[in-house]
Structures are given as structure tokens and as C-alpha cells.
Amino acid sequence: MSDGGRSDLRRGAEALAKFSAGLTNALTAFNESAGSPSSLDQHGLGRPSFSGAQIPFAEAGKLFYQYGRVHDSLKDMSQTLGLHIEALQLAAKAADSTYVATEDEVRRRFWEIKSKIDEEYQKTHPKDHPQPRKDTRQHTDDKTSGVSSS
């Protein structure tokens, strides 16, 4: 006897809940790890760390500059990773029928995350390399999506 697909829905809801819990755990672990933006902030070095104070040493200055660039990039990537995990977490919660937040609240946070990620992208990619164009066409069937059925 069929249960009208309820067991499939129940399994899907259980899988979604497990996935959502996994994302929550991943985000918590990430924020407590040495790779979190706050942890990376603590590993900044000053110029004197490379050659002492007031000592003219050009190579040390260049090394300090490169260290700063890499350190800043790591912080930016760490922040972006956290935002991506949070966006996945929001998507999983929004897909859960028991999620009590309004659609507007979820949409607002997604746009906030997207804006931050776009901002980070623009910082790391020079103006002469524009952000890839997004395909905004609506794909409703094989003909409009450019998919051949032959």
C-alpha cells in the first residue's frame, strides 16, 4: 500500500535537516579554527619583524610587502568562505518547510552576502578583468535553453 510519497518527503526532510546541521557545524568549526578571519587577524606582522626597527634593508621591506599581500588575501578568502557557508545554510533553512523566517528576511540576507562576495571579487580582480556576466535568461524548455534534443 502506498503512503502517497510521505516516506520520500520524510526522508528528504531528514536529509535536509542533516545537511543543515552539518553546515551549522562546519560554520562553527570554521569560525573557531585558525583559518577564521578573526584568527588570521592575529597573525599580522609589522615591518620591524622582518629586519628590526629603523634598519635600512630593502629586501626585508619587499618581504614585508609580500607578506601583507598574502595575509590580506587569506583574510579575504576566509571571509568569503564563511559567507558561502552561511549562504548554503540559509538556503537549506529556507528549503525546510518548518523554517519560520519570512521570505523577505532570507532574500535580504542573501543579497547582503552576495554584495559582500561581489565586493571581495572586485577587490581581488583589477578593473581590466570585469566580473563574468551573469546569464539572466529564463530557461523554460529545451528550445529556449539552447539544448538540442537530437
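Is lysine 114 buried, exposed or partly exposed, and what is its relative accessible area? Lysine 114 is partly exposed, with a relative accessible area of 28%, where buried means under 20% relative accessible area, exposed over 50%, and partly exposed in between (1.4 Å probe, protein chains only). The views below show a predicted model, in which local features need pLDDT of at least 70 and side-chain atom pairs count only at pLDDT 80 or more, while totals for chains, interfaces and linings use all residues. Residues are numbered from 1 along each chain as its sequence is written, and side-chain values use heavy atoms, with hydrogens and water left out.

View 1. Side chains of opposite charge can pair when their charged atoms come close.

**View 2. Glutamate 86 and arginine 109 form a salt bridge**. Their closest N and O atoms are 2.7 Å apart, and since glutamate 86 lies in helix α4 and arginine 109 in helix α5, the pair ties together parts that are 23 residues apart in sequence. Glutamate 86 counts as partly exposed at 22% relative accessibility, whereas arginine 109 counts as buried at 13%.

**View 3. Lysine 75 and aspartate 41 meet through their side chains in a salt bridge**. The N to O distance is 3.1 Å, and because lysine 75 lies in helix α4 and aspartate 41 in helix α2 (residues 37-41), the pair ties together parts that are 34 residues apart in sequence. Lysine 75 is partly exposed, with a relative accessible area of 22%, and aspartate 41 also counts as partly exposed, at 48% relative accessibility. The structure holds eight salt bridges.

**View 4. Five residues make up the largest nonpolar core**. They are Leu83, Ala87, Leu90, Ile113 and Ile117, a nonpolar core being a set of buried Ala, Val, Leu, Ile, Met, Phe, Trp, Tyr and Cys residues joined through side-chain atoms within 4.5 Å. Helices α4 (58-95) and α5 (103-124) each supply at least two residues of this core, and the largest share, three residues, comes from α4. Leaving aside its neighbours within four places in sequence, alanine 87 is in contact (heavy atoms within 4.5 Å) with Phe110 and Ile113.

**View 5. Threonine 80 lies in helix α4**. This residue counts as buried, at 16% relative accessibility. Not counting residues up to four places away in sequence, threonine 80 touches Ile117 and Glu120.

**View 6. Phenylalanine 57 lies in the loop between α3 (48-51) and α4**. Phenylalanine 57 counts as partly exposed, at 42% relative accessibility. Leaving aside its neighbours within four places in sequence, phenylalanine 57 is in contact with Arg47 and Ser51.

Key: Helices (H or I, at least four residues) and strands (E, at least two) are DSSP runs, numbered from the N terminus. A salt bridge is a side-chain nitrogen of Lys or Arg within 4 Å of a carboxyl oxygen of Asp or Glu.
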